[in-house]
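User: I would like to learn how to read the packing features of a model such as this one. Please take me through them one at a time.

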Amino acid sequence: MSYLYLKAFHIFFVVSWFAGLFYLPRIFVNLAMAQQPAEYDRLLQMARKLFRFMTPLAVLAVGTGLALWLDFGIGGGWLHAKMALVGVLAAYHGYCAKLGRDFLTRSNRKSHVWFRVFNELPVLVLLAVVILVVVKPF
């Protein structure tokens with residue numbers, strides 16, 4: 001596969017994964033505020049389906065990124081910083097799974113305000129990643 005096609009697929013999978021990373025915590029905000037059992041169950045089902053959809057996208061985003069690095073020799077200090085941030089995103093993704101299990105077992109103790117703040121973290125990571133990739137400051 002040519003470099004440009006691989007890069008295009010990487011960008012597509014990253015954007016798709018981030019869509020899930022942005023929306024899943026928003027569902028958690030609504031779950032934390034849900035008053036009616038039917039609303040809670042509907043939101044929980046949405047969260048579970050979204051997580052199952054976004055997980056393969058995360059794997060494909062990381063996989064195509066690794067292929068770009070290994071097959072085409074992309075490198076530099078900026079890439080090490082980006083890879084560290086991807087690790088942070090993977091941990092965030094995994095923590096979302098744990099939060100989803102907490103909602104499933106009805107053991108969530110976090111407020112909707114906590115989830116609103118939690119929801120903003122991927123935005124900051126995305127900004128840092130874009131700056132690293134475009135500017136390549138080091």
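**Reading the core and its contacts**

Analyst: Of the 32 residues in the largest nonpolar core, those touching the most other members are W17, L21, L24, F28, L31, F103 and F115. A nonpolar core is a set of buried Ala, Val, Leu, Ile, Met, Phe, Trp, Tyr and Cys residues joined through side-chain atoms within 4.5 Å; buried means under 20% relative accessible area, exposed over 50%, and partly exposed in between (1.4 Å probe, protein chains only). Two or more residues of this core come from each of α1, α2 (37-72), α3 (77-104), α4 (112-118) and α5. Helices here are DSSP runs (H or I, at least four residues), numbered from the N terminus. The model is predicted, so local features need pLDDT of at least 70 and side-chain atom pairs count only at pLDDT 80 or more, while totals for chains, interfaces and linings use all residues. Residues are numbered from 1 along each chain as its sequence is written, and side-chain values use heavy atoms, with hydrogens and water left out.

User: Which residues is L31 in contact with, leaving aside its neighbours within four places in sequence?

Analyst: Contact means heavy atoms within 4.5 Å. On that basis L31 meets Y40, L43, L44, A47 and F103.

User: At what angle do the axes of α1 and α5 cross?

Analyst: Axes are lines fitted to C-alpha atoms, for helices over the stretch in contact, and angles run from 0 to 180 degrees between N-to-C directions. Helix α1 (residues 3-33) and helix α5 (residues 121-135) have axes that come within 9 Å and cross at roughly 150°. Angles over 145 degrees count as roughly antiparallel, and α1 and α5 are therefore roughly antiparallel to each other. In this contact, F18, L21 and F22 of α1 meet P122, V123 and L126 of α5.

User: How many aromatic pairs are found in the whole structure?

Analyst: Rings of Phe, Tyr and Trp (its six-membered ring) pair if their centres lie within 6.5 Å, and planes over 60 degrees apart count as edge-to-face. The search finds 14 pairs. One of them is edge-to-face, Y3 with F72, at 5.3 Å centre to centre and 70° between the planes. This pair links helix α1 to helix α2 across 69 residues.

Definitions and conventions. Parallel < 35°, antiparallel > 145°, perpendicular 65-115°, else oblique. Phe/Tyr/Trp six-rings, centres within 6.5 Å; stacked < 30°, edge-to-face > 60°.
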